[in-house]
Amino acid sequence: MLQEALEAPARLEAMLVADDDLYAGLADRLRRTPPRFAFTIARGSSDHAASYAASLIQLHLGRITASLAPSLWTRARARLEVEDALAIAISQSGSGPDVVETTRMARERGACTVAIVNELASPLAAVAEHVLPCRAGEESGIAATKTMLATLAAIVR
């Protein structure tokens, strides 16, 4: 974990100078069609990052933002109206089936979907309209130190 924490500054620096086109494309999309509201899709530590995203969106953009429990769609099959919403899915691996399925359904129902992932070749990245890579590299420690910091940086960016 110490080694990964020591790698974090260089990884963050590299992430912050990469992918300008991805962020510009998302910003352009949101300017053309501002979302009515936003919701996050995440589990575990990623859900803590999602809470941070919700606070920033509400504070700076004035859009109500809620955390959507994936089980509302994957288990309860709730009929949620998400057309013209912003859906932000956050996952280090991008492979959690409930997060992937919820993001897919949000996109099919007209939400602008964004995935913040460390693993670009992931199922979540494949179903989202916009993908923002963390570029944290491999995490071998239990605590996803680099990925969590990179996720927070992506949210602020």
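Analyst: The axes of α1 and α7 cross at roughly 30 degrees and come within 9 Å (axes are lines fitted to C-alpha atoms, for helices over the stretch in contact, with angles from 0 to 180 degrees between N-to-C directions). α1 and α7 are therefore roughly parallel to each other, a label for angles under 35 degrees. Helices here are DSSP runs of H or I with at least four residues, numbered from the N terminus. This is a predicted model, in which local features need pLDDT of at least 70 and side-chain atom pairs count only at pLDDT 80 or more, while totals for chains, interfaces and linings use all residues. Residues are numbered from 1 along each chain as its sequence is written, and side-chain values use heavy atoms, with hydrogens and water left out.

From α1, the residues E4, A5, E7, A8, R11, L12, M15 and L16 meet T145, K146, L149, A150, A153 and A154 of α7, contact meaning heavy atoms within 4.5 Å.

α3 and α7 have axes that come within 10 Å and cross at roughly 20 degrees, and are therefore also roughly parallel to each other. On the α3 side the contact is made by S45, H48, A49, Y52, A53 and L56, and on the α7 side by M148, T151, L152, I155 and V156.

α7 itself spans residues 145–156. Its buried residues (under 20% relative accessible area, 1.4 Å probe, protein chains only) are T145, K146, T147, A150, T151, A153, A154 and I155. What covers them includes α1, α2 and α3, along with β3 and β4, strands being DSSP runs of E with at least two residues.

Technical notes: The expected span of a helix is 1.5 Å times one less than its number of residues. Buried means under 20% relative accessible area, exposed over 50%, partly exposed in between (1.4 Å probe, protein chains only). Angles under 35 degrees count as roughly parallel, over 145 as roughly antiparallel, 65 to 115 as roughly perpendicular and the rest as oblique.
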